[in-house]
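Have the sequence and the 3D view side by side, and we'll take it topic by topic.

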Amino acid sequence: MVKVGIPRALLYYEYYPMWRAFFDALGAELVVSESTTKDVAASGVARVTAETCFPVKIFMGHVISLIGKCDFIFVPAVRSMEEKVHNCSKFLGLPDMTRAVIPECPPLLEVDIDMEKKRELYSSVYALGRHFTWNPLKVRRAAKLALQSHGEYKARMVREGKTPSEVLEGKSEQRDGSSSVALVGHPYLLYDDYVNHRLISRLEGQGVIVLTPEMVSQADMKQATHELAGGSYWTYEDEVIGAGGYYIKKGVVDGVISVMAFGCGPDSVMMHILDRYARRERRPYTCLTLDEHTAEAGLATRVEAFIDMVRKRR
Amino acid sequence: MKVYLGIDVGSVTTKVVALSSDGQVLSSVYLRTEGKPVQMVQQSLSEIRQRLQGVPIAGVGTTGSARYLAGVMVGADVVKNEITAQAIASLHYVPDVKTIIEIGGQDSKIIILRDGIAVDFGMNTVCAAGTGSFLDHQADRLNMRIEDFGEIALESNNPVRIAGRCTVFAESDMVHKQQLGYPLEDIVYGLCQALVRNYLNNVGLGKELLSPIVFQGGVAFNKGIVRAFEEGLGIKTIIPPHHEVMGAIGTAFLAEEETSQNGNVTKFRGFEVTEAKYATSSFECKGCPNQCEIAQISLDGKVLARWGGRCDRWERVD
């Protein structure tokens, strides 16, 4: 059986069930890299130039950790998920960057996802499937199953109020506490315990119920993004502005914490939009910035102070 | 009268206050931490002990970046983050305070309060430019004592603009300005303005700085910075009497609150801690590929607490 490596980083938390269904249907075996560790992070940081972001460095670390464990590594280039909505250049060039910084990595399985070029999207998916079968109908079936799994995954998290770590990794989060906080940001920051210094458990340890973007329906997030920013410009804007805006507007939580990677261009704009909105609506809000230099002590102080403030303000 | 202790162990200085239940600072100690938090806590506590002459302690609180370490050492009733502690102390001296500017050794904070409640706060993000350490280093390079820095800055009439975004760039800019022949006082005040600019544009970004503004933390000793803030904001700042130990005062107030809810029983180990033999050590955990560096503090061979793990494997101490 052909072994396909999946780095447990970046878009993994967003699309893993989709990828699993696709490769399963084509008879491939998936090898997912282990959770991020110090070694994984260090090996990625050592390879990539400083100008990229921490999540990309973590991704490269995961690719390195898969060397020798699989025949291929799946690295999609997600260019655009809807018309006139763009993705960060690091996602566009991810396969090329991977090859450039890790020349010794196994051959990459690539796919270009660009909803603005539907016709090319089909041929790109067929080209990916051709590594496993010459039968286009089989690829088509795999793609259908993949989309279906993705829909079920997303719907389940909204319906059951679950996080990706709960669904994908069998964790279970605390459901009772004396206050509640919405944690918004990209899943690769929220659910990688190494990157965020166990942020969710840290909050739960202080008696806080944590709500995340995945628990908000697509329609609600879209609407909030529209109200705050006049619609998305960036792919994955909904999980920041949409979810943050929704939680602030609804007032179902006592405060909102957003998480961004240091040096992230798109996020730096989104965080400002959220900050202004929270201020206007008079809701407690703070933004945490993470990178490989983030010290646990500084993060702990900010989180503790924010929770104190939220409780006093209520 | 009951007496409460507040201990604030920061990155650069260690502060201890003895606070009476009516909010009077009976005694305070301000020392450089010099990377030896355990010894400095012991040293400052023994000074306080001498000055108090046998007055019993009704409660202890700790804060600052070494708050957990200090808390375990002395047996604290409350361990609180710096932001909350600073805000509580400030509210005691200036009950209608709306903005707190706090600049310490390695971090700077802004706390926005409305009607006596903190509604927003900010801290410097990823770098220490715009903090006390920045001035400390520049003073070192100019071969002057940090204590004289403020007085010299006040003599300036034509401050020089210095790029203060980063300590490294500030140095090259400063050397350049020195070589062009600018007078020392103008360079020194230029540095003060650079710090304030940095603070207002980063930490204070997007925040509404309303009067009354309280300026506290060790850097408030520096008259040059005070002048630069007042010129930059166009508002007078209030510098409370014990501005450098506000965090310690705040946590002493919190200790009072905590013990009064717990039937007036304190967990304080007593002043004997000043003579106790604490040992700190560290080791690398081999439990998983993370190889966390675990630090531990022990007393007479018995481990009191451990830190530094990414999981809770070492957190339980029996």
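B:Arg141 and B:Glu171 make a salt bridge, with their closest N and O atoms 3.5 Å apart. B:Arg141 belongs to helix α4 (residues 132-141) of chain B and B:Glu171 to helix α6 (residues 167-179) of chain B, so this pair ties together parts that are 30 residues apart in sequence. Keep in mind that you're looking at a predicted model.

**Salt bridges within the chains**

- Neither end of that pair is tucked away: B:Arg141 is partly exposed, at 36% relative accessible area, and B:Glu171 is partly exposed too, at 30%.
- Over all chains, the count comes to 38 salt bridges.
- Over in chain A, A:Lys154 forms a salt bridge with A:Glu14, and the closest N and O atoms are 3.2 Å apart.
- A:Lys154 sits in helix α7 (residues 136-160) of chain A while A:Glu14 sits in helix α1 (residues 12-25) of chain A, so the pair links parts that are 140 residues apart in sequence.
- Is A:Glu14 buried or exposed? With 7% relative accessibility, A:Glu14 counts as buried, whereas A:Lys154 is partly exposed at 23%.
- Back in chain B, the side chains of B:Glu47 and B:Arg51 meet in a salt bridge, at 3.3 Å from N to O.
- B:Glu47 and B:Arg51 both lie in helix α1 (residues 37-52) of chain B, and they're four residues apart, or about one turn of the helix.
- B:Glu47 is partly exposed at 26% relative accessibility, and B:Arg51 is partly exposed at 44%.
- Some charged residues team up in a network of salt bridges: A:Arg156, A:Arg159, A:Glu160 and A:Lys162 are linked this way.

- Which strands pair with β9(B)? One of them is strand β6 (residues 99-103) of chain B, which pairs with β9(B) in the parallel sense over four bridges.
- In that pairing, B:Glu102 stands opposite B:Gln216.
- Strand β10 (residues 237-238) of chain B also runs parallel to β9(B), joined to it by two bridges, and here B:Ile213 stands opposite B:Thr237.
- Follow the chain from β9(B) through helix α8 (residues 223-233) of chain B to β10(B), and you've traced a right-handed β-α-β unit.

**Where chain B meets chain A**

- On the chain B side, 29 residues are in contact with 22 residues of chain A.
- The size of an interface is often given as the accessible area lost when the parts come together.
- Chain B and chain A bury about 2300 Å² between them, with 45% of it on carbon and sulfur atoms.
- How many salt bridges cross the interface of chain B and chain A? The answer is four.
- A:Glu304 and B:Arg67 also meet through their side chains in a salt bridge, at 3.2 Å from N to O.
- Polar contacts join 13 residue pairs between chain B and chain A, counting pairs with both residues at pLDDT 80 or more.
- On the side of chain B that touches chain A, α2 (67-74), α3 (82-93) and β8 (117-123) of chain B each supply at least two residues.
- The most comes from β8(B), which gives six residues to that side.

Definitions and conventions: Residues numbered from 1 in each chain as written. Chains lettered and ligands numbered in written order. Predicted model: local features only at pLDDT ≥ 70, side-chain atom pairs only at ≥ 80, totals over all residues. Heavy atoms only, no water. Pairing = 2+ DSSP bridges. Right-handed = clockwise from strand over helix to strand, strands pointing away. Buried < 20%, exposed > 50% of the residue type's maximum accessible area, 1.4 Å probe, protein only. Contact = heavy atoms within 4.5 Å. Buried area = accessible area lost by both parts, 1.4 Å probe. Polar contact = N/O pair within 3.5 Å; in protein donor to acceptor, adjacent residues only side chain to side chain.
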